[in-house]
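Visitor: I would like a guided look at a model today. Could you show me the structure, and then I will ask my questions?

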Amino acid sequence: MKKISMRARVLTGGATLVALGAGAFGAVSANAATPAAAPAAAVAKPKADAKKQNTTQSTHLTIEAATKAAQASLKAAEMENQRVSVAVVDRNGNTIVTLRGDGAGPQSYESAVKKAYTAVSWNAPTSVLAGRLANAPTLKDIPGTLFLAGGAPVTAGGAPIAGIGVAGAPSGDLDEKFAQAGVATLN
């Protein structure tokens, strides 16, 4: 039997290790790229889901509709020479669009957002909600709310889907009038 040199053994062993390593890396790569099959129970829909008993659907304003309403509110204020900010929020209170009119005060932006949030949260104009503070003064402590006139809910099928808030006019009644002008463009 012929003896193999030490150098040949090291080279052969190294080549074998490289080949094994490449094979193992390929197997791991293939496993990482191929998602594991989902368990059969996770794939099958429960009977309740098939009957839609575990889910709901909701209606949301499009960005185009929210922008149209905000622009209508701002235009109504401009027609009466009022400098206001307008905010439209979705059902969850997330801001969809805000417009700050020329010359609107710095506080008006945040106030408009809070009025819109308050109106959609309680599905009522904020002027009505402000009246409730006499019986429930701690309502004003709820974060993100502002119980001043100027917010109006947007509804679909009687359910609130958005809120429009206007702030910056000399009275909340004017702010609310402008917010209602935005709501009117959506009906």
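Visitor: What share of the contacts in the chain with a separation of 6 or more comes from residues 24 or more positions apart?

Guide: Happy to start there: this is a predicted model, where local features need pLDDT of at least 70, side-chain atom pairs count only at pLDDT 80 or more, and totals for chains, interfaces and linings use all residues. Residues are numbered from 1 along each chain as its sequence is written, and side-chain values use heavy atoms, leaving out hydrogens and water. A contact means heavy atoms within 4.5 Å. Among contacts with a separation of 6 or more, the share from residues 24 or more positions apart is 63%.

Visitor: What is the mean pLDDT of the chain?

Guide: pLDDT is the predictor's confidence in each residue, from 0 to 100. Over residues 24-46 it stays under 50, and there the model has one contact beyond four places in sequence. In the chain, 73% of residues reach 70 or more, and the mean pLDDT is 83.

Visitor: Which pattern does the chain follow along the sequence?

Guide: Helices (H or I, at least four residues) and strands (E, at least two) are DSSP runs, numbered from the N terminus. The chain has seven helices and four strands. Read in order, the pattern is α-α-α-α-β-β-α-α-β-β-α.

Visitor: How far apart are the end C-alpha atoms of helix H4?

Guide: The expected span of a helix is 1.5 Å times one less than its number of residues. Helix H4 has 17 residues (63-79), so it should span 24 Å. The model agrees, with the end C-alpha atoms 24 Å apart.

Visitor: Which elements do the buried residues of H4 pack against?

Guide: Buried means under 20% relative accessible area, exposed means over 50%, and partly exposed lies in between (1.4 Å probe, protein chains only). The buried residues of H4 include Ala65, Ala69, Ser73 and Leu74. Their packing partners are strand S1 (85-90), strand S2 (95-100), strand S4 (159-167) and helix H7 (172-186).

Visitor: What is the bridge partner of valine 86 in S2?

Guide: Two strands pair if DSSP finds at least two bridges between them; S1 and S2 pair in the antiparallel sense over five bridges. They form a hairpin with four residues between them, and glycine 93 in the turn has a positive phi of about 85°. Across in S2, valine 86 has as its bridge partner leucine 99.

Visitor: Which residue forms a salt bridge with glutamate 80?

Guide: A salt bridge is a side-chain nitrogen of Lys or Arg within 4 Å of a carboxyl oxygen of Asp or Glu, and a search of the whole structure finds four. One of them links distant parts of the chain, 97 residues apart, with glutamate 80 in the loop between H4 and S1 and its partner in helix H7. Glutamate 80 is partly exposed at 32% relative accessible area. The closest N and O atoms are 2.5 Å apart, and the partner is lysine 177.

Visitor: How far apart are the closest N and O atoms of lysine 114 and glutamate 110?

Guide: Both residues lie in helix H5 (residues 106-122), four residues apart, about one turn of the helix. Lysine 114 is partly exposed at 27% relative accessibility, and glutamate 110 is partly exposed at 48%. In their salt bridge, the closest N and O atoms are separated by 3.2 Å.

Visitor: Is aspartate 175 buried or exposed?

Guide: Aspartate 175 sits in helix H7. Not counting residues up to four places away in sequence, aspartate 175 touches several residues, including Val84, Lys115 and Val166. With a relative accessible area of 3%, aspartate 175 is buried.
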